[in-house]
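Thanks, everyone. Let's take a quick tour of a structure that may be new to you. Have a look first, then I'll talk.

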Amino acid sequence: VSDQKPLGCWSVKHGQIITCPVVCSFETHEYIAVHDDKVLRIWKNKDINLDKVFKATLSADVYRIHSLHNGGTVVLFKGGGVRTLDVLLEAPQQEIENVISDEVIKWSQAFMEGQQPVLIFATEKDGEFFVYVQKVKMNSLHKYKLEQQESKPMSFTAYIRNQFITLLCLYSNDAVYKVLIPLQQNTEEEEHILSKSLLLNLSVSGSILKGTSFVVLDKDHIAVLGSLAASGEESKECLTIWNTKFQTLQTSKELPLGTSGQLWCYEEKFFFTHGKVLTVIMYKCETSSLAAAVGKLKDSQAPADVSSFVNWDTLGDEELAASSQSQRSAPLKAEPKMTLRSKRNIVAKVQQDTLSVRQLLLNLKDASTTVFEDELRQLMSKAQMPDIQATIGCVMTAIMDRCKANPKYYPQNFLLQIVQTRDLSYSLCPDLMAVALKRKDVHLLQICLHRFPDIPEEITYACLKLFLTLSEACLQNTDVNLESVICYIDVEFNNKEVKNEIVENGFDADLEKDSWKTEIVKESHPTADGELCPVGPQKAALLNAVLHTAYSEAFLLPHLKNLPAQQAVLFLRYLNYLYVKCSEKFNTALPGIRVPTVNQIMDWMCLLLDAHFTVMVMLPEAKGLLSNLHKFVRAQVRFYSELNKIEGSLQEIQRLNRQKDIQTYSIEVLEII
């Protein structure tokens, strides 16, 4: 997710339907799916075609598959029967008992209680709801009935603690109820009615949250995804965190693009769809206290400091461990200065120490530039992990707000210092690159492209378009890092003999009797009176930064189609130049630091041709370029085809040499036919 690149894709045949969410086994690292209710498929990453992977047709319809840490994989059938995957694979056609009668399963979840897998699922029949608890290995099943009321449960979640299953139910009356189910039952009653208690009303200050899904964060906090509506106002979809102990809304985040209504939580990160993209948000819950709850309630409309930002670079094991060990972050406080002051100044200093980061930044809104930047530097230097990322995010937001409000204000050096010395990401400060694009700050954009792992494709395209638009004269006096181009441009420029030594990898002049090679060398390689490359070194370094950026083809292609034709041709000429330069080396690698790889060059070349092929064919200035590119690729394909022809012979020679008892000295003549 952090690189925004698909790692694998598998599809069933036309007419087949995947009827159960796919899971990945924690033990075997295999994917397990069910299509058409009964057909089980199991495959690994290296498998490409689902038709050729393991297949088993079961005797009953599958509802869900649950994968457990150290507990194997459990399969729940629509009839309420439960089997472990190992038992099921021993006899796929074994008969599966029908536990529920005319009931429909609405939800299920699996846990590990010691070494025992436990499965819980809820069913509905004629408006009544039932809960089943199954201990898989012991083959123990208990049935319960939920206490009836006018409203109906819409979503469930559960967790195990102290030999009790705590079942939380989100009802249609905008309330969350708690049900306790004992794991130890002496008798198997036919039906035991479960009483429930009100845990939380989803309303605050006249606003009611119409929840669609929710997850448990800790013993005092839950997160709810839904629509928050105030009287007389239009409802807005949002993600909220609630304190169940003090019945308060801790924070909320509006989601204007809409969601699918599904919310997942894993390792202190939320996962949900927002519009057409998957959004990941880090969160951190403070230790529940009345002071914290009331303080948050007063500022409930503002997003929380921590839950508003994501930083992919700092999601290491050490930080996650530190996050889990410390459930409450230390408040940001200024260092006390032991100087004599009046009583009024001391009181003011104490109040200043207790201000939140956001309140401090709000107070600095009208401060002078010098005071503003000095205070921000002090704030960042005093911030402690794991709150430092949230603090930096707030600082960057404050700087960007000031830049937008005052067109003359743009602290380039201060921004460069922050980006170069801090572990930032695009999602931590999304306005930074937008402001840099507006100011045409190519140096800052180059550093962001190098350091940010989660740049959206729209911003990547905007950077590419800006770099191609700027003239060489404009870039001459611009501070740009040239370490990615200096080794294969400037070094060869001083070596006028290099053009005589160039032999493209896999190319032979005898194979292509025409003048295309001479033209390419004249355009792409330095000569005494020729040009260095299609673009200058500054623009080449900026384009290299774009080539290094992670992207998803599906999201980038629509933007690339908007690239003007002349800029597309120039970019393709530069990609062709790099491709030829890579082919000169036996290892197909350019010398230098942060240079594009041959795979990156080819991927971008294919992407650009996909986006502009029709335009390229119609443009006269692109015709020769496409022809030369075609001939060069054809020569390489022919070369590798010849290598493939002798591969079998070389393997046979190797096999014969192993069989023969070669003495200390021997001469052997082998003829390859």
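Let's begin with a hairpin. Strand β23, residues 269-274, is joined to strand β24, residues 277-282, by 6 bridges. The two run antiparallel. Histidine 274 sits opposite valine 277 in β24. Between the strands of this hairpin there are 2 residues. Glycine 275 takes a positive phi there, near 70°. One reminder before we go on: this is a predicted model.

Now the sheets. Strands of a sheet pair through backbone hydrogen bonds, and they do it either parallel or antiparallel.

Take the sheet that holds β1. It has 4 strands, and it is open. The order is β1-β2-β3-β4, with antiparallel pairing. Which strands are at the edges? They are β1, residues 18-24, and β4, residues 54-57; each pairs on one side only. From one strand to the next, the twist averages 15°. Look at β1 and its partner β2, residues 31-35. They are joined by 4 bridges and run antiparallel. Valine 23 stands opposite isoleucine 32 in β2.

Next sheet. Again we have 4 strands in an open sheet, ordered β12-β13-β14-β16. The pairing is antiparallel. The edge strands here are β12 and β16, the latter spanning 197-201, and each pairs on one side only. Neighbouring strands are turned by 25° against each other on average, direction ignored. Strand β14, residues 175-182, pairs with β16 over 4 bridges, in the antiparallel sense. Within that pair, tyrosine 177 faces leucine 198 in β16, standing opposite it.

On to the largest pocket. Its volume is about 2200 Å³. It is lined by 45 residues. Which of them are closest to the centre? His66, Gln109, Leu263, Trp264 and Cys265. By class, the lining has 29 nonpolar, 10 polar and 6 charged residues.

Terms used: Residues numbered from 1 in each chain as written. Predicted model: local features only at pLDDT ≥ 70, side-chain atom pairs only at ≥ 80, totals over all residues. Heavy atoms only, no water. Pairing = 2+ DSSP bridges. Axes fitted to C-alpha atoms, helices over the stretch in contact; angles between N-to-C directions. 1 Å grid on protein atoms, 1.4 Å probe; cavity = no way out; pocket = protein on both sides within 12 Å on 5 of 7 lines; lining within 4 Å. Points joined across faces, edges and corners; volume = space filled by probe spheres on them. Nonpolar A, V, L, I, M, F, W, Y, C, P; charged D, E, K, R; others polar.
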